[in-house]
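Here is a short briefing on a predicted model. Please keep the sequence and the structure in view while reading.

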Amino acid sequence: MLYWSLVFLVVALIAGVFGFGGIATASAGIAQVLFFIFLVLFVATLVMRLLRKAS
């Protein structure tokens, strides 16, 4: 998921350089959503791992 977030970020940057504002905005939004989903899943995994080791 982090890989796809970076891919959409690169697409947004390239589209922004070439002046495609709509595509850049959409790609940046998708990248942001995927990154936040990745963060939530990463933190949930860390918490579950810590809870398993504690018990």
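The points below cover the helices, their packing and the surface patch.

This is a predicted model: local features need pLDDT of at least 70, side-chain atom pairs count only at pLDDT 80 or more, and totals for chains, interfaces and linings use all residues. Residues are numbered from 1 along each chain as its sequence is written, and side-chain values use heavy atoms, with hydrogens and water left out.

**Helix geometry**

- Helices are DSSP runs of H or I with at least four residues, numbered from the N terminus.
- Helix H1 covers residues 2-17, which is 16 residues.
- The expected span is 1.5 Å times one less than the number of residues in the helix.
- Glycine 19 follows H1, and its phi is positive, near 90 degrees.
- Helix H2 spans 21-54. Its 34 residues reach 49 Å from first C-alpha to last, close to the expected 50 Å.

**Burial and packing**

- Buried means under 20% relative accessible area, exposed means over 50%, and partly exposed lies in between (1.4 Å probe, protein chains only).
- Ser5, Ala12 and Ala15 are the buried residues named in H1. They sit on the same side of H1, because they cover an arc of only 90 degrees around the axis. The arc is taken from the directions from the helix axis to the C-beta atoms.
- Tyr3, Leu13 and Val17 are exposed on the other side of H1.
- The buried residues of H1 pack against H2. Contact means heavy atoms within 4.5 Å.
- In H2, the buried residues are Ala24, Ser27, Ala31 and Leu34. These pack against H1 in turn.

**Serine 27**

- Which helix holds serine 27? Serine 27 lies in H2.
- Serine 27 counts as buried because its relative accessibility is 6%.
- Serine 27 touches Phe8, Val11 and Ala12, leaving aside residues up to four places away in sequence.

**Nonpolar surface patch**

- Leu2, Leu6, Leu9, Leu13, Phe35, Phe36 and Leu39 make a nonpolar surface patch of about 600 Å².
- Patch residues have over 30% relative accessible area and no salt bridge; nonpolar side chains (Val, Leu, Ile, Met, Phe, Trp, Tyr) are joined within 5 Å, like charges within 9 Å. A salt bridge is a side-chain nitrogen of Lys or Arg within 4 Å of a carboxyl oxygen of Asp or Glu.
- H1 and H2 each supply at least two residues of the patch. H1 gives the largest share, four residues.
- Leucine 9 is in H1. Its relative accessible area is 40%, so leucine 9 is partly exposed.

Methods
Areas by Shrake-Rupley, 256 points an atom, 1.4 Å probe, with all protein chains shown as cover.
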